[in-house]
Amino acid sequence: MLDLATIRLGIVGLGYVGLPLAVEFGKKFPTIGLDINATRIRQLQAGTDSTLEVTPEELRQAEHLRYTHHVEDLATCNVYIVTVPTPVDEYKRPDFGPLIGASTTVGRVLEPGAVVIYESTVYPGATEEVCVPILERESGLRFNVDFFAGYSPERINPGDKEHRLTTIRKVTSGSTPAVAEFVDALYRSIITAGTHRATSIRVAEAAKVIENTQRDVNIALVNELALLFNRLGIDTEEVLLAAGSKWNFLPFRPGLVGGHCIGVDPYYLTHKAQQIGYHPEIILAGRRINDGMGAYVVQRVVKLMNQRRIAVMDAKVLILGLTFKENCPDLRNTRVVDIVQEFCDYNAHVEVYDPWVDAREAQHEYGIETIPELIPGRYDAIILAVAHRQFREMGIAQIRALGKPASVLFDVKYLFPAVEVDGRL
Ligand SMILES: NC(=O)c1ccc[n+]([C@@H]2O[C@H](COP(=O)([O-])OP(=O)(O)OC[C@H]3O[C@@H](n4cnc5c(N)ncnc54)[C@H](O)[C@@H]3O)[C@@H](O)[C@H]2O)c1
């Protein structure tokens, strides 16, 4: 079995998860970071991380880390960590394309004795059922005889400067007891918060996917309560604050559930469930509620506009924030686009402003042209969709001033007190 003194790491996929990992390992061990995106590699070689997760100073500290987009450069490695995306397709089915691609890449350079660790979020069984057979086929080596596997899911939270890779306890696992020990020791060498060694790869896979499923279902419950309390004429946040005074009431808030994790991972679990003939009810009910929140927000705003005799058709609507969460530039699977789309269906003129977003990316991903600056007195309705600190700093008066005198201000994120806005979840 390998020991830490002789490892040469290859990290495959340098995104939100892979780059911080490569940087941490690159401070200690010879590490090669591979990404198929040549632009990403060029930017990293020039010392900048466009995801804003790693500072130029931190990049410099990783003195044993090299970046490449040439697969052959991985051939010298003996431990691989795969951190590629695991999205869903248009039918919400797992899209294993990136994982298959990365496993093919690693399989082609795999040498006897190597360990391949997966970090991408999948359903229980995927590593051994989907990825390992590709490694075997491409390398001609035998699993658990010539090469080994591990699974260690990532728990980072983009934009969160407090819970970082090294300060979040990490689940580890391996395909044999000795490999499990090796994988655990590898992560213990960088994770100051310690590790939790799961009893098998499938247990570790299941643990990750239910962490996000649990969040999704809990948010769905609170979203459902928000729909109900609105009909009852009660402010949801006031109820949540009151209930939250009990020690074991969980502090979830209503909202859009986007991003490539919480709104996506449950579909991996439900896919596997359906494959074995179990039809999940609660998980999919939660998904349905959460996916309907964008349309619900628009319905509420349209009602408020009607009450003020503002015609929705041709109205000017400002959406503040496009990213899937606050204070980060991540646009993946943002559900703010549902609000934009719904207003467009009403033939309203929607303008989107987000100081965190790369305008070209918004155009490329969603066909949305973000506006470069805010113009006061222009809008019939304003929706605070993302709680970026810039919007909080602007304050309610400045935000109100963007609207026409009778305009509607709707706060999806509880950025301001209920009495200061016209509606909220
Ligand atoms: N971002 C998060 O907060 C987070 C947290 C926990 C878990 N995860 C999981 O981690 C995995 C990776 O997520 P991410 O946010 O880092 O994704 P990402 O899209 O930010 O990065 C993935 C990178 O992999 C590269 N890539 C894709 N296919 C490749 C291939 N075949 N070879 C080499 N590089 C390839 C892409 O170019 C991209 O740079 C996903 O399964 C995700 O669900 C993400």
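How far apart do the C-alpha centres of domain 1 and domain 2 lie? They lie 34 Å apart.

Good morning. The model before you is predicted: local features need pLDDT of at least 70, side-chain atom pairs count only at pLDDT 80 or more, and totals for chains, interfaces and linings use all residues. Residues are numbered from 1 along each chain as its sequence is written.

I begin with the domains. Domain 1 covers 4–199 and domain 2 covers 223–424, with bounds from an automatic or database domain assignment. Between them, 15 residues of domain 1 are in contact with 15 residues of domain 2; contact requires C-beta atoms, placed from the backbone, within 7 Å. On the domain 1 side, 9 of these residues are nonpolar, 4 polar and 2 charged. Here Ala, Val, Leu, Ile, Met, Phe, Trp, Tyr, Cys and Pro count as nonpolar, Asp, Glu, Lys and Arg as charged, and the others, Gly among them, as polar.

Next, the sheet. Six strands form an open sheet in the order E3-E2-E1-E4-E5-E6, with parallel pairing. Strands (E, at least two residues) and helices (H or I, at least four) are DSSP runs, numbered from the N terminus, and two strands pair if DSSP finds at least two bridges between them. Strand E3 (65–68) and strand E6 (148–151) stand at the edges with a single partner strand each, so one side of each has no neighbour in the sheet. Strand E1 (residues 9–12) is joined to strand E2 (residues 31–34) by 4 bridges, and Gly 10 stands opposite Ile 32 in E2.

Finally, the ligand. Its shell divides into 13 nonpolar, 12 polar and 5 charged residues. Helix H4 (residues 97–109) supplies the largest share, 4 residues.

Technical notes
Two residues are in contact if their C-beta atoms, placed from the backbone, lie within 7 Å.
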